[in-house]
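Visitor: Hi! I'd like to talk through a structure with you. Could you put it up and start with the terms we need?

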Amino acid sequence: VVWRNADGSISKGMAPNSGEYMAQTIAVPDLATFADLIASLSDKPHQTLMLGEFKGAPDGRPFLVLPEARSIEHLGLDPKDPATKQAVLGFHVHANGTPMVARLKENTAFGGWLLFDRDAVDGMPDELAGLDRDDWLNAMDALLPGFRNARRLILPSTSSRIADNGKRLQSSSYHVFVQVSDPHDIPRVWGQLLPKAMVTSA
């Protein structure tokens with residue numbers, strides 16, 4: 001979400017995520033399919049993309065994604081009961097017959113694609129902020145061997161597509177979507193990435 005402050009400056013932040021959503025799992029096995037999916041979202045402002053998946057989601061059928069509190073309410077569970085935390089997990093059936101799931105980390109899993117957000121932010125060391133795209137890909141490949149040759153889609157970031165009086169907010173920012181060969185290995189790699197970044201030269 002991007003907004004203008006009282007002093008005229010521009011700020012951005014996370015959108016509220018307390019709503020209820022209709023979702024559908026879509027298989028994206030290759031780069032061409034992923035690019036088509038991204039393109040299809042460009043003229044659908046009411047839709048968004050989740051790179052992971054909900055465990056046990058019905059194949060091809062729409063389902064409801066609810067905040068945990070709303071799921072507890074629909075299921076008639078006691079929010080103060082310690083057993084409720086476990087009971088709300090997984091898929092259930094809404095009163096209208098639609099499959100529903102609570103928007104909880106425990107209900108989700110990594111998918112076959114990851115997003116890397118390349119931003120030159122305030123306070124970033126000059127040697128990192130000044131990397132061009134080719135140098136940045138090389139730096140990422142040093143952190144994640146094979147990154148440079150992985151299937152990927154590079155798009156302008158949200159900020160770089162917003163203009164204020166004709167000037168883009170961040171002209172050098174972009175999003176890199178990378179296909180992952182083994183999503184189950186992501187938590188292990190993610191846990192090692194920050195320590196490795198601290199000792200890896202750009």
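Guide: Happy to. Buried means under 20% relative accessible area, exposed means over 50%, and partly exposed is in between, with a 1.4 Å probe and protein chains only. Helices (H or I, at least four residues) and strands (E, at least two) are DSSP runs numbered from the N terminus. This is a predicted model, where local features need pLDDT of at least 70 and side-chain atom pairs count only at pLDDT 80 or more, while totals for chains, interfaces and linings use all residues. Residues are numbered from 1 along each chain as its sequence is written, and side-chain values use heavy atoms, leaving out hydrogens and water.

Visitor: Great. How many residues of strand β13 are buried?

Guide: Six of its six, so to speak: β13 covers residues 174-179 and is mostly covered. On one side Y174, V176 and V178 are buried, and on the other H175, F177 and Q179 are too.

Visitor: And which strands form the sheet with β13?

Guide: The order is β9-β13-β10, an open sheet of three strands with antiparallel pairing. Two strands pair if DSSP finds at least two bridges between them. The edge strands are β9 and β10, each pairing on one side only.

Visitor: What stands opposite what in β13?

Guide: W113 is opposite Q179, F116 is opposite V176, and P156 is opposite Y174.

Visitor: Switching to rings: how many aromatic pairs are there?

Guide: Rings of Phe, Tyr and Trp (its six-membered ring) pair if their centres lie within 6.5 Å; planes under 30 degrees apart count as stacked, over 60 as edge-to-face and the rest as tilted. By that rule there are eight aromatic pairs. For F34 and W113 the centres are 4.4 Å apart and the planes at 15 degrees, so that pair is stacked.

Visitor: Why does that pair tie together parts apart in sequence?

Guide: Because F34 lies in helix α1 and W113 in strand β9, parts that are 79 residues apart in sequence. F34 counts as buried at 1% relative accessibility, and W113 is buried at 5%.

Visitor: What about Y174, which aromatic cluster is it in?

Guide: Y174 forms one cluster with F116, W136, F147 and W190. The charged end of R133 also sits over the Y174 ring, 4.4 Å from its centre. That term requires NZ of Lys or CZ of Arg within 6 Å of the ring centre and within 35 degrees of the ring normal.
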